[in-house]
Amino acid sequence: MPASCVARAQTLLIKIKMNKETIDSFLTVLHALKQQQVIAYPTEAVFGLGCDPDSEAAVEALLALKHRPREKGLILIADDFQQLLPYIDETALSGSQLQAVFAQWPGPVTWVMPAKPATPTWLTGQYSSLAVRVTDHPLVKELCRRFGKPLVSTSANLNGQPPCRLADEVKQQFGHDFPVLMGDVGGRENPSEIKDALTGHLIRQG
(Lines give C-alpha, C1' and ligand atoms only; values in the text may rest on other atoms or scores of the structure.)
Protein backbone atom coordinates (compact mmCIF):
# COMPACT_ATOMS: atom_id res chain seq x y z
CA MET A 1 0.00 0.00 0.00
CA PRO A 2 1.20 3.57 -0.65
CA ALA A 3 2.70 5.27 2.42
CA SER A 4 -0.07 7.88 2.49
CA CYS A 5 -2.76 5.17 2.62
CA VAL A 6 -0.92 3.34 5.40
CA ALA A 7 -0.64 6.55 7.42
CA ARG A 8 -4.36 7.30 7.05
CA ALA A 9 -5.27 3.74 8.01
CA GLN A 10 -3.02 3.85 11.07
CA THR A 11 -4.64 7.09 12.23
CA LEU A 12 -8.13 5.63 11.89
CA LEU A 13 -7.19 2.39 13.63
CA ILE A 14 -5.61 4.19 16.57
CA LYS A 15 -8.95 5.97 17.05
CA ILE A 16 -10.66 2.63 17.65
CA LYS A 17 -8.07 1.79 20.33
CA MET A 18 -6.09 -0.98 18.67
CA ASN A 19 -2.66 -1.81 20.02
CA LYS A 20 0.37 -1.78 17.73
CA GLU A 21 0.26 -5.55 17.12
CA THR A 22 -3.37 -5.33 16.04
CA ILE A 23 -2.75 -2.28 13.84
CA ASP A 24 0.18 -3.99 12.12
CA SER A 25 -1.82 -7.17 11.54
CA PHE A 26 -4.80 -5.13 10.32
CA LEU A 27 -2.70 -3.52 7.61
CA THR A 28 -1.20 -6.92 6.72
CA VAL A 29 -4.57 -8.63 6.26
CA LEU A 30 -6.01 -5.65 4.39
CA HIS A 31 -3.10 -5.84 1.94
CA ALA A 32 -3.54 -9.63 1.68
CA LEU A 33 -7.23 -9.22 0.83
CA LYS A 34 -6.35 -6.82 -1.96
CA GLN A 35 -3.90 -9.42 -3.26
CA GLN A 36 -6.72 -12.01 -3.39
CA GLN A 37 -5.29 -14.01 -0.49
CA VAL A 38 -7.13 -15.88 2.26
CA ILE A 39 -6.95 -14.35 5.75
CA ALA A 40 -8.17 -15.17 9.26
CA TYR A 41 -9.98 -12.79 11.62
CA PRO A 42 -11.83 -12.95 14.95
CA THR A 43 -15.63 -13.11 14.92
CA GLU A 44 -18.31 -13.28 17.59
CA ALA A 45 -17.40 -16.84 18.64
CA VAL A 46 -14.42 -18.24 16.71
CA PHE A 47 -11.83 -17.12 14.18
CA GLY A 48 -13.06 -17.08 10.61
CA LEU A 49 -11.36 -17.58 7.29
CA GLY A 50 -12.17 -14.90 4.77
CA CYS A 51 -11.34 -13.48 1.37
CA ASP A 52 -12.62 -11.16 -1.35
CA PRO A 53 -16.06 -12.51 -2.31
CA ASP A 54 -15.68 -11.17 -5.86
CA SER A 55 -12.49 -13.13 -6.53
CA GLU A 56 -13.16 -16.67 -7.73
CA ALA A 57 -9.46 -17.51 -7.31
CA ALA A 58 -9.50 -16.35 -3.68
CA VAL A 59 -12.68 -18.28 -2.90
CA GLU A 60 -11.31 -21.42 -4.55
CA ALA A 61 -8.16 -21.12 -2.43
CA LEU A 62 -10.30 -20.83 0.71
CA LEU A 63 -12.41 -23.86 -0.25
CA ALA A 64 -9.25 -25.85 -0.91
CA LEU A 65 -7.88 -24.95 2.55
CA LYS A 66 -11.11 -26.08 4.18
CA HIS A 67 -11.71 -29.09 1.92
CA ARG A 68 -15.18 -27.60 1.58
CA PRO A 69 -17.36 -28.57 -1.41
CA ARG A 70 -18.20 -25.60 -3.64
CA GLU A 71 -21.86 -26.62 -3.84
CA LYS A 72 -22.41 -25.99 -0.11
CA GLY A 73 -22.19 -22.21 -0.55
CA LEU A 74 -20.65 -19.69 1.83
CA ILE A 75 -21.51 -16.92 4.28
CA LEU A 76 -20.76 -13.24 3.72
CA ILE A 77 -20.04 -11.03 6.73
CA ALA A 78 -20.44 -7.27 6.41
CA ASP A 79 -20.13 -3.95 8.20
CA ASP A 80 -23.66 -2.89 7.28
CA PHE A 81 -26.64 -3.93 5.17
CA GLN A 82 -25.64 -1.67 2.28
CA GLN A 83 -22.51 -3.76 1.69
CA LEU A 84 -24.69 -6.82 1.07
CA LEU A 85 -26.99 -5.26 -1.54
CA PRO A 86 -24.82 -6.19 -4.55
CA TYR A 87 -25.29 -9.86 -3.63
CA ILE A 88 -28.79 -10.29 -2.17
CA ASP A 89 -32.21 -9.47 -3.63
CA GLU A 90 -33.77 -7.36 -0.88
CA THR A 91 -36.84 -6.71 -3.08
CA ALA A 92 -37.84 -10.37 -2.57
CA LEU A 93 -38.34 -9.66 1.14
CA SER A 94 -41.34 -7.86 2.62
CA GLY A 95 -41.06 -4.95 5.01
CA SER A 96 -41.89 -7.16 7.96
CA GLN A 97 -39.33 -9.76 6.91
CA LEU A 98 -36.64 -7.09 6.67
CA GLN A 99 -37.68 -5.71 10.06
CA ALA A 100 -37.18 -9.16 11.60
CA VAL A 101 -33.69 -9.27 10.09
CA PHE A 102 -32.75 -5.77 11.20
CA ALA A 103 -34.02 -6.46 14.72
CA GLN A 104 -31.14 -8.93 15.13
CA TRP A 105 -28.44 -6.98 13.30
CA PRO A 106 -25.71 -6.13 13.89
CA GLY A 107 -25.12 -9.35 15.76
CA PRO A 108 -24.37 -13.06 15.65
CA VAL A 109 -27.35 -14.13 13.52
CA THR A 110 -26.86 -15.19 9.91
CA TRP A 111 -29.85 -14.87 7.58
CA VAL A 112 -30.35 -16.81 4.36
CA MET A 113 -31.75 -14.44 1.73
CA PRO A 114 -32.62 -14.70 -1.96
CA ALA A 115 -29.52 -13.98 -4.04
CA LYS A 116 -29.40 -11.72 -7.06
CA PRO A 117 -29.17 -13.65 -10.35
CA ALA A 118 -25.71 -12.19 -10.96
CA THR A 119 -24.31 -13.38 -7.62
CA PRO A 120 -21.54 -15.85 -8.49
CA THR A 121 -22.08 -19.54 -7.87
CA TRP A 122 -18.76 -19.74 -6.03
CA LEU A 123 -20.68 -17.93 -3.23
CA THR A 124 -24.15 -19.44 -3.52
CA GLY A 125 -23.12 -23.01 -4.36
CA GLN A 126 -26.08 -25.06 -5.48
CA TYR A 127 -28.59 -22.59 -4.06
CA SER A 128 -30.47 -19.52 -5.30
CA SER A 129 -29.96 -17.95 -1.88
CA LEU A 130 -27.02 -16.59 0.10
CA ALA A 131 -26.24 -16.62 3.83
CA VAL A 132 -25.28 -13.16 5.10
CA ARG A 133 -24.57 -11.42 8.40
CA VAL A 134 -23.95 -7.87 9.61
CA THR A 135 -21.39 -8.30 12.36
CA ASP A 136 -21.06 -6.38 15.59
CA HIS A 137 -17.40 -7.34 16.09
CA PRO A 138 -15.55 -3.98 15.97
CA LEU A 139 -12.39 -5.29 14.27
CA VAL A 140 -14.30 -7.06 11.52
CA LYS A 141 -16.61 -4.10 11.01
CA GLU A 142 -13.58 -1.86 10.51
CA LEU A 143 -11.94 -4.39 8.19
CA CYS A 144 -15.04 -4.58 5.98
CA ARG A 145 -15.32 -0.80 6.07
CA ARG A 146 -11.72 -0.30 4.99
CA PHE A 147 -11.91 -3.06 2.37
CA GLY A 148 -15.12 -1.56 1.04
CA LYS A 149 -17.10 -4.79 0.78
CA PRO A 150 -18.14 -7.88 2.75
CA LEU A 151 -15.83 -10.80 3.44
CA VAL A 152 -16.40 -14.48 2.91
CA SER A 153 -16.74 -16.08 6.34
CA THR A 154 -16.22 -19.70 7.36
CA SER A 155 -14.74 -21.11 10.54
CA ALA A 156 -10.93 -21.12 10.69
CA ASN A 157 -9.95 -24.75 11.02
CA LEU A 158 -8.43 -27.47 8.92
CA ASN A 159 -10.57 -30.49 8.09
CA GLY A 160 -11.07 -32.54 11.26
CA GLN A 161 -9.64 -29.88 13.59
CA PRO A 162 -11.65 -27.76 16.05
CA PRO A 163 -12.42 -24.12 15.13
CA CYS A 164 -9.72 -21.73 16.32
CA ARG A 165 -10.58 -19.35 19.15
CA LEU A 166 -7.10 -17.80 19.48
CA ALA A 167 -4.78 -16.24 16.92
CA ASP A 168 -2.02 -18.63 18.03
CA GLU A 169 -4.27 -21.59 17.21
CA VAL A 170 -4.75 -20.21 13.69
CA LYS A 171 -0.97 -19.98 13.28
CA GLN A 172 -0.57 -23.56 14.54
CA GLN A 173 -3.06 -24.92 12.02
CA PHE A 174 -2.27 -22.73 9.00
CA GLY A 175 1.34 -21.70 9.50
CA HIS A 176 3.23 -18.87 11.14
CA ASP A 177 3.11 -16.67 8.02
CA PHE A 178 -0.65 -16.99 7.49
CA PRO A 179 -2.21 -13.47 7.57
CA VAL A 180 -4.20 -13.19 10.81
CA LEU A 181 -5.98 -10.15 12.25
CA MET A 182 -4.77 -10.21 15.85
CA GLY A 183 -7.64 -9.72 18.29
CA ASP A 184 -10.07 -11.43 20.59
CA VAL A 185 -13.18 -13.30 19.56
CA GLY A 186 -16.50 -12.29 21.08
CA GLY A 187 -18.05 -14.01 24.04
CA ARG A 188 -20.27 -16.48 22.22
CA GLU A 189 -19.72 -20.17 22.86
CA ASN A 190 -21.14 -21.36 19.52
CA PRO A 191 -21.04 -20.06 15.93
CA SER A 192 -23.87 -17.85 14.72
CA GLU A 193 -27.45 -19.00 14.39
CA ILE A 194 -28.64 -19.35 10.80
CA LYS A 195 -32.23 -18.40 9.95
CA ASP A 196 -34.30 -18.27 6.78
CA ALA A 197 -35.27 -14.64 6.08
CA LEU A 198 -38.34 -15.68 4.05
CA THR A 199 -39.85 -17.97 6.69
CA GLY A 200 -38.09 -17.01 9.91
CA HIS A 201 -37.32 -20.70 10.48
CA LEU A 202 -34.17 -21.66 12.37
CA ILE A 203 -31.75 -23.57 10.13
CA ARG A 204 -28.86 -23.92 12.57
CA GLN A 205 -28.94 -23.41 16.33
CA GLY A 206 -26.24 -21.05 17.62
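**View 1. Ile194 stands opposite Arg204 in strand β8.** This close-up comes from a predicted model. Strand β7 (residues 193-196) and β8 run antiparallel, joined by 2 bridges. Lys195 and Glu193 are both buried.

**View 2. An open sheet is built from 8 strands.** Their order is β1-β2-β6-β3-β5-β4-β7-β8, and the pairing is mixed. β1 and β8 (202-204) are the edge strands, each pairing on one side only. From one strand to the next, the twist averages 40°.

**View 3. Strands β1 and β2 form a hairpin.** Between them lie 4 residues. The two strands pair in the antiparallel sense over 4 bridges. Tyr41 has Gly48 in β2 as its bridge partner. In a regular strand, side chains alternate between the two faces of the sheet. From β1, Ile39 and Tyr41 point one way, Ala40 and Pro42 the other. All four are buried.

**View 4. Arg133 and Glu44 form a salt bridge.** Their closest N and O atoms are 3.2 Å apart. Arg133 lies in strand β5 and Glu44 in the loop between β1 and β2, so the pair ties together parts 89 residues apart in sequence. Both residues are buried.

**View 5. Asp79 and Arg145 meet in a salt bridge.** The N to O distance is 3.1 Å. Asp79 sits in the loop between β3 and α4, Arg145 in helix α6, 66 residues apart. Asp79 is buried, at 8% relative accessible area. Arg145 is partly exposed, at 42%. Lys141 and Glu142 join Asp79 and Arg145 in a network of salt bridges.

Methods:
Residues are numbered from 1 along each chain as its sequence is written. This is a predicted model: local features need pLDDT of at least 70, side-chain atom pairs count only at pLDDT 80 or more; totals for chains, interfaces and linings use all residues. Side-chain values use heavy atoms; hydrogens and water are left out. Buried means under 20% relative accessible area, exposed over 50%, partly exposed in between (1.4 Å probe, protein chains only). Two strands pair if DSSP finds at least two bridges between them. Axes are lines fitted to C-alpha atoms, for helices over the stretch in contact, and angles run from 0 to 180 degrees between N-to-C directions. A salt bridge is a side-chain nitrogen of Lys or Arg within 4 Å of a carboxyl oxygen of Asp or Glu.
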